[in-house]
Structure formats: C-alpha cells, structure tokens
Amino acid sequence: MTDLLSLQRSFAQTILGQEPEDELLGAVKPGNLPPDARLRIHQNNFRESLSGALSGVFPFCEAFVGEMFLKQALRHFALACPPNKAALFLYGADFPDFLRTYAAAASVPYLADVALLEWYTHALSNASEEAIFEDYAAAHAAIEEGAGLRLHGNARLLVSSFPVYDLWQVASGQLEPEALDISSRGGQVVLLVLHEGQVFYQSLEGRVADCLMRIEHGEALGPIEAALLEELIDRGAIALRKS
Amino acid sequence: MTFPAHIAAKGSKCPVGVGLKTQHYDDVLSSKPALAFFEVHAENYMMPGGAHHRYLEAISETYPLSLHGVGMSLGSAEGLDKAHLRQFKALVERYRPWLVSEHLAWSRMGGTYLNDLLPLPLNQHSLEVVRDNVNAMQDAIGRRILVENPSSYLAFTGSDMPEIEFLVALAERTGCGLLLDVNNVFVSGKNMEWNVSAYLENVPAALVGEIHLAGHVTKEVDGQTIRIDDHGSRVSEDVWDLYESLVGRIGPRPTLIEWDSDIPTFDELLEEAGRAREVMNCVLAQAEGACSD
C-alpha cells in the first residue's frame, strides 16, 4: 500500500471497527508484535479517549447506570457516531438519540432524556451569552404585528414523557431517590437558561409550558395574556424572532 | 530562542510550564505560581463562550500561553480542514500565544475525526504532504510553528527515513521548529525497538523550541510489553535521565510538564515542574563550573 490516502482510508476503517484489510496488515512492520495487535492499540485509543471525554459531559447518566455501563455505551456510540470535528465540545449531541435505540439501555428508558438535559447543559455552558430580552412592550408589539417570538438563544426546552426535572434533582442530590416514583410521576417540561455563566433549571407546567412549546415549534401565538407573556420574558425564555 | 519579556525580567533562563487543566483554574488564579507559561490544547478552547474562555483570559493576563494543537492533522493526505484552521487562527489572534505547536501525525479522514495521533509512513511522499500542510498552517496563522514528534505503536514497511531525519527535513523545507517530546521518544523507542539515545543525539539544538515531559504506562499486549503515552502519571526516571542528557547537550529550553489523565493535585504538578527547573539550573551551573553534582 504505497498511496498515503489509501493507507489512511484503510487505517481509519480499521479504527472505526472494521477488520483490517490484508494490504494494511502488510503495510505494518510486525516487530515483536503482530500488525493486528498494533492496530488494536489505536482502535482502543480511539474508543477510550472519546468515552473518557464524553463521560465528563454526562455525569448524571453515570449516576443512574454506573460508570461501567456508561463507558461501554459511550464506546459503542464512538464507533456508531464518530466525531466529525476535532473540537470535541461539539461532540455528543447525538448521544441522547443513540440511547433511545440502544438495546442495553432498554430497562432505563428515561436515560436518553437525562442525557439530553446534560447535553443542553453542556451546550449552554459553552455558548456565547446573548443579551437578556426584557422589553415587554416590544414583545406585545411583535405579537400584534405577527413578527413572532422565538426561544432565547441561551434557553433550551426539554419536553419529556418522564419526570426529567425530578430525575435531575435526584442525580444532583437535591431530591431523595425514594421520593420519586418514575412510573406514576408522569412527564415534565424543563426550561434551561444560561445567565451570567450559570445554567438554571426550571420545571414548567400548564400554559407556560404549552406556550413555550408552541414558540419553539414556530407556531403563531395569537392573542396572549400580558401576564403570561411577561412571565415568559421574566424566565429568560424568549426573544424577538430575528427578521 | 527568545524568551518573553516577563520571563527575561524575572531572570529566568530556565522557563518551565505546565499543561493547564480545568481542575487547576482556581489554583492558578489564587496562588499565581512561579511558572513561566501555561500550555493549552487549542481544541479545548474552540467554543464560542463559557467558563473556559473566562479563565483562560484571566490567566493569560499574567502568563504567556503555549497553544498546542492536537487536531490539525498535519499528516493528512486530504490536506487541512479549512474550518478547523480558521478556528485555530482565531485563537492565535485572540490569545497571542508565545508558542504554537502541532504534531507529526494525522487524525482526520473523509469527514471523520479519529481523536488519536496516528502514524505516517516516513518517506519522501509523506514528507511532501506534511510540508504542504505545515506551510498552509504557518501561512494561515502568520507565524512559525513547532512540530512535535509523536509516540508510536507501529511503523510502516513503506518508511525509509528515521523519524528525526524526517523532522529535520521538514524543518528545513518549512522553517518550522521542533517540539521535542522526550517521553514520546522513549515510548516510541521502546515500542519500536530503536535506539533512544541515538535519536536524541541527532536532534539539532537550533531547531528545538520546546520540550515536553510526561508520564506513560506499561501494558502487556499479546505477551509483549508496550508503553502507552497516557500522560497520567509522573515523568519516569528513564525519561528524566534522557531529559538531563538532552538539556546538557543543547542547553535549557522551555519545558512543559503534561499531565492529562488521572489529574493530580496542582502541588504535585508543580513538584514535577520544579524538578525540570532544577535540571536546567544544574546544567547552567555546570556550564559555569559551579554545580557540585
């Protein structure tokens, strides 16, 4: 294998879990260790370094399933969804979706939403902070003019069929595990807002939750009570849609 | 080698730094240790905002930075990722680092980032590929870089140049300098069964702009002992001996202690940095005929 591009392509396929091609094996000097064993060192480096990097992003998942389970899930994720950028702070956004179809996690169906909560936390923690929107009059005018509202750039909304806010409280030690009955508690909507370098978590219910879900989906709100609109602004959840 | 003004002002001819870890941010700012510089991995600061930048900005007000890339993939036959290069350039412009470095390795293929420093066949064709990529990087950021020797676990039948010969040829063709990782030389030499001392004796002193020291771990693979460059422990005595011999020959150089896994206390990291400083001080003293060791 004399062509560097071909060699690197074959090497990459091996790292991503394929059996090494004969031509690649022939291109590696054996020395005191056979070529396939040498290639396995790099396969292992790839999986271990990525699972190590991501385990720091999902500590609450680890609290529910343990270090061994999470590391193994992350190793499988690394092979199934390898990063496409060297800046690894962007890597891991697909892990919650991966968990939804990960057979080994079938007995912990809420884990994907816990992971999504953690991913939103991670993403917000590394985001630029936009100016707070607190102009009630401009918000009312925007609705009347049909210009619309959007979720604030420093806010994320998580709609879960599991009690993900309570689960976050359990994982972070704010709620005793015995106080949460996952099967009967029902779903929760969580708003995450970045403010002055810190991510804040709010459990939403009723009209506030419904309204924010519609805003996130880009639906027209129509008439809205002043108090409700101002509550959304006070929570740091919304901003004017950019024209 | 020109040292930054604040180091020259302190009279330090033996600049020692450590890799900056998030676990040590507050220690650094509260204790303001007597270190010459901090090194950061560029890719860890490519996010738009957040605490990492706030800390790094605060630390960079007191200390020079060394910006060390791990994802440029200088050995990539596909060429460089332009988006990554733009992000790297933005960091150089934002933090104005004292030193900028990358690796003799590749890590990207077909839009996938392989998160490892992968080996190249060391031959004329690879040299041309790396030369073009180093030139592209230096042109983009507008300054000279240092290229680090990697730790190796395999070699290719298509290699026909010793690694140090390859690096020197690269420096001649691009004007880059060398970041000499003594631990990597040791790890590669043991894994690939080549002569570590001979490698170091062939390093041209004038090309070395920085030295890295780190710990490694020994593992058994298929009944063979392999050394893995995990940056997770103190520098081994073998590597300290090589470092002392190297510095004795080429003179003091900016030296960095890397410790990236199983992160120690900040004090433990400072102890390792202090040992590197002692080695360089002793070399200087010996040169002046004053060291009794």
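**Reading a two-chain predicted model**

Me: D181(B) has H212(B) as its bridge partner in strand 9 of chain B. In which sense do strand 8 and strand 9 of chain B pair, and over how many bridges?

Reply: As a general idea, the strands of a sheet pair through backbone hydrogen bonds, and they do so in either a parallel or an antiparallel sense. This is a predicted model, and in it strand 8 of chain B pairs with strand 9 (residues 208-214) of chain B in the parallel sense over four bridges. Strand 8 of chain B also pairs in the parallel sense with strand 7 (residues 146-148) of chain B, over three bridges, and there E148(B) stands opposite L179(B).

Me: Into what do the eight strands of chain B close, and in which order?

Reply: The eight strands close into a barrel in the order 1-2-3-4-7-8-9-12, with parallel pairing, and neighbouring strands are turned by 25 degrees against each other on average, direction ignored. Elsewhere in chain B, strand 2 (residues 37-41) runs parallel to strand 3 (residues 65-68) and is joined to that strand by four bridges, with H68(B) in strand 3 of chain B as the bridge partner of H41(B). Helix 7 (residues 182-192) of chain B packs on the sheet, where it touches strand 8 and strand 9 of chain B, and its direction makes about 65 degrees with that of strand 9 of chain B.

Me: Which handedness has the β-α-β unit that strand 7, helix 6 and strand 8 of chain B make?

Reply: The unit is right-handed, and the helix between its two strands is helix 6 (residues 163-174) of chain B.

Me: Are the residues of strand 8 of chain B buried or exposed?

Reply: The cut-off to keep in mind is that a residue is buried if 20 or more other C-beta atoms lie within 10 Å of its own. In strand 8 (residues 177-181) of chain B five of the five residues are buried, and both faces are covered, with G177(B), L179(B) and D181(B) on one side and L178(B) and L180(B) on the other. F166(B), which has its place in helix 6 of chain B, counts as buried because it has 22 C-beta neighbours inside 10 Å. Leaving aside neighbours within four places in sequence, F166(B) is in contact with L122(B), L127(B) and M161(B); from L179(B), F166(B) is 13 residues apart in sequence and 14 Å apart in space, C-alpha to C-alpha.

Me: Turning to chain A, in which order do the three strands of the open sheet stand?

Reply: The order is 2-3-4, and the pairing is antiparallel. Strand 2 (155-160) and strand 4 (198-204) of chain A stand at the edges with a single partner strand each, so one side of each is left without a neighbour in the sheet. Helix 7 (residues 111-125) of chain A lies across strand 2, strand 3 and strand 4 of chain A and runs at about 180 degrees to strand 2 of chain A.

Me: At roughly what angle do helix 3 and helix 5 of chain A cross?

Reply: The axes of helix 3 (residues 35-55) and helix 5 (residues 67-80) of chain A come within 8 Å and cross at roughly 120 degrees, which means that helix 3 of chain A is oblique to helix 5 of chain A. The contact includes F46(A) and L50(A) of helix 3 of chain A, and L70(A) and L74(A) of helix 5 of chain A. The crossing is right-handed.

Me: How many residues does each chain give to the contact between chain A and chain B?

Reply: Chain A gives 39 residues and chain B gives 40 residues. On the side of chain A that touches chain B, helix 1 (4-15) and helix 3 of chain A each supply at least two residues, and the largest share, nine residues, comes from helix 3 of chain A.

Note on methods. Residues are numbered from 1 along each chain as its sequence is written. Chains are lettered from A and ligands numbered from 1 in the order in which they are written. This is a predicted model: local features need pLDDT of at least 70, side-chain atom pairs count only at pLDDT 80 or more; totals for chains, interfaces and linings use all residues. A residue is buried if 20 or more other C-beta atoms lie within 10 Å of its own, exposed if 12 or fewer, and partly exposed in between; C-beta atoms are placed from the backbone. Two strands pair if DSSP finds at least two bridges between them. A crossover is right-handed if, with the strands pointing away from the viewer, the path from the first strand over the helix to the second runs clockwise. Axes are lines fitted to C-alpha atoms, for helices over the stretch in contact, and angles run from 0 to 180 degrees between N-to-C directions. Angles under 35 degrees count as roughly parallel, over 145 as roughly antiparallel, 65 to 115 as roughly perpendicular and the rest as oblique. A crossing is left-handed if the near helix is turned anticlockwise from the far one by less than a right angle, and right-handed if clockwise. Two residues are in contact if their C-beta atoms, placed from the backbone, lie within 7 Å.
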